[in-house]
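Thank you all for making the time this morning.

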Amino acid sequence: LQGAEQAARLRDYTVVQVSTGNDADWQQRIVHALATHSIDGFILCSVDLPETAHMELLRGNAVIVDGYSPEFPSLLLDIEYGASAAMGHLLGLGHRRIAHLAAHIDVETFRVRQRVYERMLSEAGIALRADYQATAGVDLEESCRAALDLLGRPEPPTAIFCDDDLMAAGVYQAARKLHLRVPDDLSIVGFCDGLVAHLLDPALTTVAIPMQELGRRAMELLLAGLETELSPFVETISLDFVVRGSTARPREDALRG
């Protein structure tokens, strides 16, 4: 949001943020906003795209971020790489009991994380276990409850891959409630690398999304498209994987188990 605002301010535009929760009615709000000229353009982040009729209205007025459409300029995050790096890191440390705390938001960016989790386990010869998979909102309390359930299994995971840093913070809370030490007893990996990742103790190992650069680039494309309609294209934004203090090799007794 900061990156988008900075780029917009240079051109005397104001940015309004709307959290849709992926509810279907956001599409009607777009139609109303365009019809009343109250909003000039849209940066659509990690949402399922509207119906064909609505997409026609958006043509020349929208950029897709963290998603793809053949109809619009799209900034596609390399989620595949980020999730693969996270899982590869945990597997490389020797973890075999790896759980996935997934966001229960049904959009492609989170589906990719799930597919990578399953693929990386399969390639490592590790059976996919339903009891090592849980869902929660991108919410501290929900994630803590889900993590307590995962860690309460008879054979608990030694590592948890989280779809978002805030969800990882919920896992930290659960570990603290169960008197588990991070990373000695439990390794945790997140996704985003926002402020939360740096505030956690120990600091969170996570996939880093260049958020400010992403917002700036999306706004530049949107403003360019408002002046001269851009042909649809895809631009992929690279992600980094940052190793900090929340991951370590599993304990020897956990390996034997």
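This is a predicted model: local features need pLDDT of at least 70, side-chain atom pairs count only at pLDDT 80 or more; totals for chains, interfaces and linings use all residues.

Residues are numbered from 1 along each chain as its sequence is written, and side-chain values use heavy atoms, with hydrogens and water left out.

Let me begin with the parallel sheet. Here 4 strands form an open sheet in the order β1-β2-β3-β9, with parallel pairing; strands are DSSP runs of E with at least two residues, helices are runs of H or I with at least four, and both are numbered from the N terminus, while two strands count as paired if DSSP finds at least two bridges between them. The edges are held by β1 (42-45) and β9 (234-237), and each has a single partner strand, so one side of each is left without a neighbour in the sheet. Neighbouring strands are turned by 20° against each other on average, direction ignored.

If we walk across this sheet, β1 and β2 pair over 4 bridges, and Phe42 stands opposite Ala62 in β2. The pairing of β2 with β3 rests on 2 bridges, with Ile64 opposite Ser74 in β3. Then β3 (residues 74-77) is joined to β9 by 4 bridges, where Leu75 stands opposite Glu235.

Which residues of β2 are buried on its two faces? Ala62 and Ile64 are buried on one side, and Val63 and Val65 are buried on the other, where buried means under 20% relative accessible area, with a 1.4 Å probe and protein chains only. As a general point, side chains in a regular strand alternate between the two faces of the sheet.

Helix α9 lies across β1, β2, β3 and β9, and runs at about 155° to β2. Contact here means heavy atoms within 4.5 Å, and the angles, from 0 to 180 degrees, are taken between N-to-C directions of axes fitted to C-alpha atoms, for helices over the stretch in contact.

Now to the mixed sheet, in which 6 strands form an open arrangement in the order β5-β4-β6-β7-β8-β10. At its edges stand β5 (133-136) and β10 (240-242), each with a single partner strand, so one side of each lacks a neighbour in the sheet. The twist averages 20° from one strand to the next. Within this sheet, β4 (residues 98-103) and β6 (residues 159-162) run parallel and are joined by 4 bridges, and the bridge partner of His100 in β6 is Phe161.

Two helices belong in this part of the picture. Helix α6 (residues 140-151) lies across β4, β5 and β6, at about 165° to β5, whereas helix α7 (residues 165-177) lies across β4, β5, β6, β7 (187-192) and β8 (205-208), at about 155° to β7.

Finally, the cavity. A search of the whole structure finds 1 cavity of 30 Å³ or more, a cavity being a set of points on a 1 Å grid over the protein atoms alone where a 1.4 Å probe fits but cannot get out, with lining residues having an atom within 4 Å of a point. About 60 Å³ of space lies in the largest cavity, the volume being the space filled by probe spheres set on points joined across faces, edges and corners. Its lining includes Ala62, Val63, Pro73, Leu221 and Glu229. The elements that give two or more residues to this lining are β2 (62-65) and α9 (211-227), and α9 provides the largest share, 3 residues.

Terms used. On a 1 Å grid over the protein atoms alone, a cavity is a set of points where a 1.4 Å probe fits but cannot get out, and a pocket is an open set with protein on both sides within 12 Å along at least five of seven lines; lining residues have an atom within 4 Å of a point. Buried means under 20% relative accessible area, exposed over 50%, partly exposed in between (1.4 Å probe, protein chains only).
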